[in-house]
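Subject: Structure handover

Hello,

Here is the structure for you to look at. My notes on what was found in it come after it.

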Amino acid sequence: MRIAVDLLGGDDAPDVVVDGALRAVRADPDLHLLLVGPSEAADAVLAALDPVNRARIAVRPVRAAVRMSDHPSAAREASTVRDAVAAVRDGTADALVSAGSTGATVTAAALGLGRWPGIRHPALVATLPALTGPVVLLDVGGSLEPRAGMLARHAVLGAAYAAVAHAVDAPRVGLLSVGTEAGKGDRVRRAADPVLAAEPLPRGARYVGLVEGYDVSSGARADVVVTDGFTGNVLLKAVEGAYAMAGGPPAGGGAPRAAALLGVAGTVVVCHGAATADDVASGIALAAHLWRQRAADQVAALLAGHALKGHDHINDTEVTTP
């Protein structure tokens, strides 16, 4: 197993990425890395490892990077994230991790690896430690302005991911809103509620209706919470801030430090732009875990046997991937 790591992704790259890569290699003796970035940054990893572990590191020298302020379409040009995607596409790496621009990473992965049939908008999925067990939250930043049909497709993705990655039996799926009564929420949520109710879900999953923000932390009503990428990203960071103020997440679960990208033909993990070395190491460990489980293949197989409804008649705003 070899994970491609974008050395120039993130606010504090390459230093924290180098540190995170070192921690990941030392923690997992079966892990191999392909470092995509400037040779001098990769040399810092090699210099810190003993000769035996150096053999587990390969380097793809690339100097160009997509900045956080760049438009996602910058991922079309030569850059570390585009080369990391290319490494997965050509089989040099099995998965990739980047803490760079989310939009650029999603765009590079969608263009370079291709989307699954029926998925126009890949979704970023994070797992939060709730009081009763893990809660899968999506989207947390992949698509910021959805319509109801896209939320329905994300519900299918989330149910399949919860079953595959977390062995949740018959996942309960909820739609995040401002109340649990039918008719609550904005136009998109009001339109999506009956769409999700009619959408067949894989692995015996069932739609439980509208849920609220505290249901994400409790886990009592839903195992999968579906929302748009804008709201999901804000909620995720608010929860992480609350964990920090409270002295840590619930016992038995760590704060989410990385998100998996669902809907592209490969294993892709995105870390926060403000990722620390521990966050990068956690992202690499997540990518390794998902690849060992063949999670992307299993989720894709579940979707292949599940007819996704188009719902293209719903006229709420939808933004295409650049």
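**Salt bridges**

The side chains of Arg 63 and Glu 40 meet in a salt bridge, with 2.7 Å from N to O. Arg 63 sits in the loop between strand S3 (57-61) and helix H4 (80-89), and Glu 40 in helix H2 (residues 39-48), so this pair ties together parts that are 23 residues apart in sequence. Arg 63 counts as exposed, at 60% relative accessibility, while Glu 40 is partly exposed at 46%. Please keep in mind that this is a predicted model.

The structure holds nine salt bridges. Another one of them joins Arg 23 to Asp 278, whose closest N and O atoms are 2.4 Å apart. That pair links distant parts of the chain, since Arg 23 is in helix H1 and Asp 278 in helix H10, 255 residues apart. Arg 23 has a relative accessible area of 35% and is partly exposed; Asp 278 is also partly exposed, with a value of 35%.

A further salt bridge is formed by Arg 172 and Asp 223, with 3.0 Å between the closest N and O atoms. Here too distant parts of the chain are linked: Arg 172 is in strand S7, and Asp 223 is in the loop between helix H8 (213-218) and strand S9 (224-226), 51 residues apart. Both Arg 172 and Asp 223 are buried. Salt bridges with shared partners also join Asp 19, Arg 23 and Asp 278 into one network.

**Overall fold**

The chain has 11 helices and 11 strands. Its radius of gyration is 19 Å, close to the 20 Å that the globule rule gives for 322 residues, so the chain is as compact as a globular protein of that length. Along the principal axes, the C-alpha atoms fill a box of roughly 60 × 40 × 35 Å. Of the 322 residues, 55% count as buried.

**Backbone points to check on screen**

The bond from Ala 13 to Pro 14 is cis, with omega near 5°, and Pro 14 lies in the loop between strand S1 (2-6) and helix H1 (15-27). The bond from Leu 138 to Asp 139 is cis as well, with omega near 5°; Asp 139 belongs to the loop between strand S6 (133-138) and helix H6 (148-166).

Arg 203 has a positive phi, near 55°, and is not a glycine. This residue is in the loop between H7 and strand S8 (206-211) and is partly exposed at 43% relative accessibility. Arg 294 likewise has a positive phi of about 55°. Its place is the loop between helix H10 (277-293) and helix H11 (295-304), and it counts as partly exposed at 39% relative accessibility.

**Rings and surface**

The charged end of Arg 294 also sits over the ring of Trp 291, 4.0 Å from the ring centre. The count of aromatic pairs comes to zero.

On the surface, Leu 144, Phe 230 and Val 234 form a nonpolar patch with about 300 Å² of accessible area together. Val 234 is in helix H9 (residues 229-246) and is partly exposed, with a relative accessible area of 48%.

Val 178 is in the loop between strand S7 (172-176) and helix H7 (187-198), and counts as exposed at 63% relative accessibility.

Regards

Definitions and conventions
Residues are numbered from 1 along each chain as its sequence is written. This is a predicted model: local features need pLDDT of at least 70, side-chain atom pairs count only at pLDDT 80 or more; totals for chains, interfaces and linings use all residues. Side-chain values use heavy atoms; hydrogens and water are left out. Patches are made of residues with over 30% relative accessible area and no salt bridge: like charges are joined within 9 Å, nonpolar side chains (Val, Leu, Ile, Met, Phe, Trp, Tyr) within 5 Å. Accessible areas come from the Shrake-Rupley method with a 1.4 Å probe; for residues, only the protein chains shown count as cover. A salt bridge is a side-chain nitrogen of Lys or Arg within 4 Å of a carboxyl oxygen of Asp or Glu. Helices (H or I, at least four residues) and strands (E, at least two) are DSSP runs, numbered from the N terminus. Buried means under 20% relative accessible area, exposed over 50%, partly exposed in between (1.4 Å probe, protein chains only). Rings of Phe, Tyr and Trp (its six-membered ring) pair if their centres lie within 6.5 Å; planes under 30 degrees apart count as stacked, over 60 as edge-to-face and the rest as tilted. A charge sits over a ring if NZ of Lys or CZ of Arg is within 6 Å of the ring centre and within 35 degrees of the ring normal. The radius of gyration is taken over C-alpha atoms; the globule rule is 2.2 Å times the number of residues to the power 0.38.
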